[in-house]
Amino acid sequence: MNVILAGFGWIFTASHWTTVNLGPGIGQRVAEHLFITLIALVFVVLIAVPLGLFIGHTGKGRTIAIAASNISRALPTLGLLAVLILFLGIGLLPITVVLVLLGIPPLLAGVYSGLESVDRTTIDAARAVGMTELQILLKVEVPLSIALLIGGLRAATLQIIATVAVAATFSGGGLGNYVISGVAQADYAQMMGGAILITALALVVDGLFALVQRFVVPRGVSRGTSRRNTARAGAIPVVATTRTLIKEGQ
Amino acid sequence: MQWVWTNFDTIWGLTLAHVGLSVIPIVVGFVLSIPLGYAASRSKVARSVLLTAGGILYTIPSLALFVAIPVIIGGAILDPRNVVIALTIYAVAIMVRTAADAFASVPADVQDSATAIGFSGVQRFFAVDLPLAGPVLLAGIRVVSVSTVSLLSIGAIIGVSNLGSLFTDGFQRNFYTEIWTGLVCILLVALVFDVVLVVIARILMPWNRRSSARSVRAHARRAALS
């Protein structure tokens, strides 16, 4: 327990917010961590959302997406980082590549399984009232599966935040740096401080996503879908979807 | 390739260490999640408490959890057991949800019939609920197995010897072969574990060979989201 207290003590030492061991202080490390996460996330969204919408809407390529997610789970992050950083040199690029590779599968899975969870009869109804495929996608499928979509984004973001921490082993940036240097220097207050900050960052981001998930669900679609509730995809209650649909279709 | 042969003993030793350190979380995680998952499938309160707790624990990034465990259990900072405990926590966090879903998927009328022909609660659990939940539990434990084998490598950062050590060492020496060897070995360990799980499941659930394929695939797809 002493080490936890020491960790908090380390965090609340004012000087550590400007500089730690002549390196960047906590404020800058948090900013680095979020900045790298955000850059990776932009690419992840640009790639995974269109792809997921395509797979979910057409049902094509699902096998590939599932295989990709299984492989990405099996591939050790640390090994990928080591290879790419050696190959591309230390810097933002190799880390971003690894983060994007690891962030795509969870978001992709959230998007396509979200679309799959929409009741087929609802989609048929939308088609029957004359909506175009694009309208069906944007006005029916996406709103009805928005909770799972955001859930995928949430999983991807947390995956990236955790990986940025690990990446500090090789690159030194972000909050993982304090854990790595703390272990290396046997400075357990710094190590624990870093671990607490990383955990806090992940939990805060997770909490924000939970809030967003709560607010984006359109009226009439009952909730009860959180990030890991996606395990019950298909169980999204479709109560009142027809009402939503009629409203949307008008 | 030359390097692989000359260092075969080291690589084999690390592989055995990797297997040893990852088997425990997988087995213990599975065993713990059965009663927890069953409880979660029986009561709404238990479900929301257990799944929320699991969700929060799973959110903690691995690097942070690895170094925080010794502080919580009071062991030495660089003890390999910390990593085993951290991975067990992740395993339970993922597996409880799957187990809860697995037990919830057992049809209520089947349970009622078992009770009606005189099964006691315990008998029903082992003879009816557990076997019927089996295929989904299998899908869940396969996900846990793969991610445990892969996550363990991060333990190398804090000095726990396993195949991940090839990554940190190879990086320091600027030596690709070593890193690739580590990647390939980890994938092989994950593959072997997966095959072992499937074989065990075939022996334990002989009735399940055909019909399960579809439900397991469907679940694997859903589990891919967790």
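Author: In this predicted model, contact means heavy atoms within 4.5 Å.

Reader: How many residues does the contact take from chain B and from chain A?

Author: The count covers both chains of the predicted model. Chain A brings 52 residues to the contact, and chain B brings 46 residues.

Reader: What area is buried between chain B and chain A?

Author: Carbon and sulfur atoms give 75% of the area buried between the two chains. That area is about 4300 Å².

Reader: How many residue pairs are in polar contact across the interface of chain B and chain A?

Author: Salt bridges do not contribute here, as the rule finds 0 across the interface of chain B and chain A. For polar contact, with both residues at pLDDT 80 or more, the number of residue pairs found is 4.

Reader: Which element gives the most to the side of chain B that touches chain A?

Author: The elements of chain B that give two or more residues to this side are α3 (44–59), α4 (62–73), α5 (80–104), α7, α8 (165–172), α9 (176–204) and α10 (211–223). The element that gives the most, with 7 residues, is α4(B).

Reader: Is B:Thr148 buried or exposed?

Author: B:Thr148 belongs to helix α7 of chain B, which spans residues 121–152. Beyond its neighbours within four places in sequence, B:Thr148 is in contact with B:Ser22, B:Pro25, B:Ile26 and B:Leu87. Its relative accessible area is 3%. Because this value is under 20%, B:Thr148 counts as buried.

Conventions
Residues are numbered from 1 along each chain as its sequence is written. Chains are lettered from A and ligands numbered from 1 in the order in which they are written. This is a predicted model: local features need pLDDT of at least 70, side-chain atom pairs count only at pLDDT 80 or more; totals for chains, interfaces and linings use all residues. Side-chain values use heavy atoms; hydrogens and water are left out. Helices (H or I, at least four residues) and strands (E, at least two) are DSSP runs, numbered from the N terminus. Buried means under 20% relative accessible area, exposed over 50%, partly exposed in between (1.4 Å probe, protein chains only). Buried area is the accessible area (1.4 Å probe) that two parts lose on being put together, summed over both. A salt bridge is a side-chain nitrogen of Lys or Arg within 4 Å of a carboxyl oxygen of Asp or Glu. A polar contact is a pair of N or O atoms within 3.5 Å; within protein, one must be able to donate a hydrogen and the other to accept it, and residues adjacent in sequence count only if both atoms are side-chain atoms.
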